[in-house]
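Q: I'm new to this structure and would like a close look at one part of it, with enough of the surroundings to find my way. Please start with the overall layout and then zoom in on the open sheet.

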Amino acid sequence: MGRRPILAVAGWLATTAAATLVGMAAVQLVGSGITGTPGGVRDPREVARALASPAPVATTPGTGPTAGATPTATAASRPPATSGTARTFRTAGGTALAECVPDGVRLVSWSPAQGYRVKDFDRGPDDRVEVRFVGPDGEHELRLRCRGSEPVATPDD
């Protein structure tokens, strides 16, 4: 066997080894981002804890009813000017937080449930405020007013 075929095989082996090492180094550098779950694999207890934590409640700046409004700011981003007791009200369509102020009842924040959206709202302050959620199970409306210094839900008219 001549010298040339031995050099060709040795060159091929060296090139293959170098390419394999470069590939392994690249996979190591990128890590599990190529095929793994973003953020890593979650433990079932972590998933249960994340699902059990309350969703952020959202509000929309401005007043008056707005069809198709989408809440944009979280309640934590601006603290409410509390005058009375604030209460949370829940329906299958979503959640609302209301408080009684000198001018009547006021919606502090609201958040639609998963699969729902805000169809209409009246933030107040007024004698009565409301927020309407619409979704796959129909429409759910919260109408609120003050009884003393505490907000209460009122039945549909």
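A: Let's start with the whole chain. Read along the sequence, the pattern is α-α-β-β-β-β-β-β-β-β-β, which comes to two helices and nine strands. Keep in mind that this is a predicted model. Of the chain's 157 residues, 25% count as buried. If you take contacts between residues at least 6 apart in sequence, 36% of them join residues at least 24 apart.

Now for the part you asked about. Four strands make an open sheet in the order β6-β7-β8-β9, paired in the antiparallel sense. At its edges sit β6 and β9 (150-153), each of which pairs on one side only. From one strand to the next, the twist averages 20 degrees. As for what holds such strands side by side, the strands of a sheet pair through backbone hydrogen bonds, in either a parallel or an antiparallel way.

Five bridges join β6 to β7, and the two run antiparallel. To find this pairing on screen, look for R117, which stands opposite V134 in β7. The hairpin of β6 and β7 has five residues between the strands, and G124 takes a positive phi there, near 85 degrees.

R123 is worth a stop here, as it belongs to the loop between β6 (117-122) and β7 (128-135). R123 is buried yet has no salt bridge: D122, the nearest side chain of opposite charge, is 8.5 Å away. The cut-off for a salt bridge is 4 Å between the nitrogen and the carboxyl oxygen. What the side chain of R123 does reach is the backbone oxygen of V108, at 3.3 Å.

Next comes the step from β7 to β8. Eight bridges join these two antiparallel strands, and the hairpin between β7 and β8 runs through two residues.

Strand β8 (residues 138-147) and β9 run antiparallel and are joined by four bridges. Here R147 stands opposite E150 in β9.

Now look at the charged side chains. In general, side chains of opposite charge can pair when their charged atoms come close. The structure holds eight salt bridges. One of them is between E130 and R143, whose side chains meet at 3.2 Å, N to O. E130 lies in strand β7 and R143 in strand β8, so this pair ties together parts that are 13 residues apart in sequence. Both partners fall under the 20% cut-off for buried: E130 counts as buried at 16% relative accessibility, and R143 is buried with a relative accessible area of 14%.

R87 lies in strand β3 (residues 86-91) and E150 in strand β9, so the pair ties together parts that are 63 residues apart in sequence. Here the partners count as partly exposed: R87 has 31% relative accessibility, and E150 has 35%.

β3 and β4 form a hairpin with two residues between them, pairing in the antiparallel sense over six bridges. In this pairing, F89 stands opposite A96 in β4. Strand β4 (residues 94-101) has six of its eight residues buried, so it is largely enclosed by the rest of the structure.

On from β4, there is another hairpin, with two residues between β4 and β5. β4 and strand β5 (residues 104-112) pair in the antiparallel sense over eight bridges, and C100 stands opposite V105 in β5. A salt bridge is found here too: R106 pairs with E99, their closest N and O atoms being 2.5 Å apart. R106 counts as buried at 15% relative accessibility, and E99 counts as buried at 0%.

How values were computed
Residues numbered from 1 in each chain as written. Predicted model: local features only at pLDDT ≥ 70, side-chain atom pairs only at ≥ 80, totals over all residues. Heavy atoms only, no water. Buried < 20%, exposed > 50% of the residue type's maximum accessible area, 1.4 Å probe, protein only. Lys, Arg positive; Asp, Glu negative; His and termini not counted. Polar contact = N/O pair within 3.5 Å; in protein donor to acceptor, adjacent residues only side chain to side chain. Pairing = 2+ DSSP bridges. Axes fitted to C-alpha atoms, helices over the stretch in contact; angles between N-to-C directions. Contact = heavy atoms within 4.5 Å.
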